[in-house]
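Student: I'd like to learn how to read a fold like this one. Can you walk me through it?

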Amino acid sequence: AEAPLARGAGELAGRPGVAHVVISARAALERGEHAAQRGLADAADRRDWLGELEILLQNRKLQASDFNALYSLIECLTAGGCNADRDRILRMLASLEARYPTNLTVLGLRYTYLRKTGASAAELQDVLDLALALDPGRQEFLYRQIELHARSQNVDGMYAAVGQWLLQDRR
């Protein structure tokens, strides 16, 4: 059977993607609304949106829009607009990492989630070490390395990270 076509302007064709699963959470976050204030709390509680997302992520080849939707989901989760078990989110991110072991965007998702949920410096450092092993010159992770050392008040580590950044700077 073929996926249905959009019936009109503004409608989406085909089966839902990652973006479709998190779109209502993202819209609420962007408007600064909370689900309970819009009367959607009951519907959200009945629907296992995270389960739907996990199923989609098992076999779907991730696209740029999926990464944007996942970043929006992480923003929603960490801003308190969406509720989900931390371990379940980490398992979902670990599953993505297993499927895409060299994808720095997936590592960036995990780092962002861990940082915004108060993970330890050691947990954050593990992600940075993996990312910088894959791409030692990736400025995004070099910056995060410097920031992590600064927050930990590790001046020696911060200077070493700045030195690494300068060695990798191609400009």
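Tutor: Let's go from the overall layout to the core and then to one helix pair. This is a predicted model, where local features need pLDDT of at least 70, side-chain atom pairs count only at pLDDT 80 or more, and totals for chains, interfaces and linings use all residues. Residues are numbered from 1 along each chain as its sequence is written, and side-chain values use heavy atoms, with hydrogens and water left out.

Student: How many helices and strands are in the protein chain?

Tutor: Helices (H or I, at least four residues) and strands (E, at least two) are DSSP runs, numbered from the N terminus. Here the protein chain has nine helices and zero strands.

Student: Which residues touch the most other members of the largest nonpolar core?

Tutor: In soluble globular proteins, nonpolar side chains tend to be buried together. A nonpolar core is a set of buried Ala, Val, Leu, Ile, Met, Phe, Trp, Tyr and Cys residues joined through side-chain atoms within 4.5 Å; buried means under 20% relative accessible area (1.4 Å probe, protein chains only). In this core of 34 residues, the answer is L70, M92 and L96. α6 gives the largest share, seven residues.

Student: How do the axes of α5 and α6 cross?

Tutor: Axes are lines fitted to C-alpha atoms, for helices over the stretch in contact (heavy atoms within 4.5 Å), and angles run from 0 to 180 degrees between N-to-C directions. These two come within 9 Å and cross at roughly 165 degrees, so α5 is roughly antiparallel to α6 (over 145 degrees). Residues making the contact include L93 and L96 of α5 and V106 and L109 of α6.

Terms used:
Buried means under 20% relative accessible area, exposed over 50%, partly exposed in between (1.4 Å probe, protein chains only). Angles under 35 degrees count as roughly parallel, over 145 as roughly antiparallel, 65 to 115 as roughly perpendicular and the rest as oblique.
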